[in-house]
Amino acid sequence: NLIQEKDDGLDFLYLINPENGEYVYMRDVESVVSISEWGVLFKTDDGTYGLYDLQGNRMEMAQYTSAGAFHEDGLAAVQRDGKWGYINARGEEVIPCQYVKAERFTNGYAKVYLNARKEKSGDYYVDRPAGWGLIDTAGNVVVSIEYAALQATECEMENGVVRVRKDERWALYSLEKNKVCSTWYDELGEFSEGLAYGWTIMAGEDYYPCTR
């Protein structure tokens, strides 16, 4: 229930509560990224980003070069030094800027992308390919960041599955079991009313419908 007004002469952003007429104004706002229950994320004249709460108090933030809107659990994607992470409604960087790409959170999960790299596994380092994965709002990896593609509708996430692609083939990935849970298909469609289509190439045959 907020109305945004900009006074270009004074360079203030006014937030007005239409129920009681009360307002606050905010300085040094060039453009607004988002207004939500978590606050006002904005861009300044010098190209950096800032954050106000709805009482007009400015939050302390690191210097970011790009930012997205606040979504689930009050998290917004931000970019620093070419890498993406997430801040909370207090302007704190709660998930470090380490990803090449980072999408918004939906149903508690967000898609992220990393280039090829070495990761420590026990006493050894293993090579990880460039790819997509899924993290939760605490920054925990729930789908290993190594898939060529990762797709999920809101309905699929609510039911604990996403679709992942590796070596040009698709499979379902169970978020609960933390593993691939189906046959690999050459194509795997979106779910509708609890069902999805899939097909695969049978040995020595043309395209053959898969009935599983």
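At 39% relative accessibility, Cys181 counts as partly exposed, whereas Cys97 is buried, with a relative accessible area of 14%; here buried means under 20% relative accessible area, exposed means over 50%, and partly exposed lies in between, with a 1.4 Å probe and protein chains only. The structure holds zero disulfides, a disulfide being a pair of cysteine sulfur atoms within 2.5 Å. The model is a predicted one, in which local features need pLDDT of at least 70 and side-chain atom pairs count only at pLDDT 80 or more, while totals for chains, interfaces and linings use all residues. Residues are numbered from 1 along each chain as its sequence is written, and side-chain values use heavy atoms, with hydrogens and water left out.

We can turn next to the strands. Strands (E, at least two residues) and helices (H or I, at least four residues) are DSSP runs, numbered from the N terminus, and two strands pair if DSSP finds at least two bridges between them. Strands of a sheet pair through backbone hydrogen bonds, either parallel or antiparallel.

Strand β10 (residues 83–87) pairs with β11 in the antiparallel sense over three bridges, and Trp84 has Tyr99 in β11 as its bridge partner.

Another open sheet, also of four strands, has the order β12-β13-β16-β17, and its pairing is antiparallel. Its edge strands are β12 (101–102) and β17, each of which pairs on one side only. Strand β13 (residues 109–114) is joined to β16 by six bridges and runs antiparallel to it; within this pairing, Val112 has Gly133 as its bridge partner in β16, and Tyr113 has Trp132. Three bridges join β16 to strand β17 (residues 141–147), again antiparallel, and here Trp132 stands opposite Tyr147. β16 and β17 form a hairpin with four residues between them, and in the turn Gly139 has a positive phi of about 90°.

Strand β16 (residues 131–136) is largely enclosed by the rest of the structure, because six of its six residues are buried. In a regular strand the side chains alternate between the two faces of the sheet.

The charged end of Lys111 sits over the ring of Trp132, 4.7 Å from its centre, and Lys101 lies over the face of Tyr113, at 5.4 Å from the ring centre; a charge sits over a ring if NZ of Lys or CZ of Arg is within 6 Å of the ring centre and within 35 degrees of the ring normal.

Finally, the structure holds five aromatic pairs, where rings of Phe, Tyr and Trp (its six-membered ring) pair if their centres lie within 6.5 Å, and planes under 30 degrees apart count as stacked, over 60 as edge-to-face and the rest as tilted. One of them is the tilted pair of Trp38 and Phe70, with 6.5 Å from centre to centre and 45° between the planes. This pair links distant parts of the chain, 32 residues apart, with Trp38 in the loop between β4 (31–36) and β5 (39–43) and Phe70 in the loop between β8 (66–67) and β9 (76–80). Phe70 is buried at a relative accessible area of 5%, whereas Trp38, at 26% relative accessibility, counts as partly exposed.
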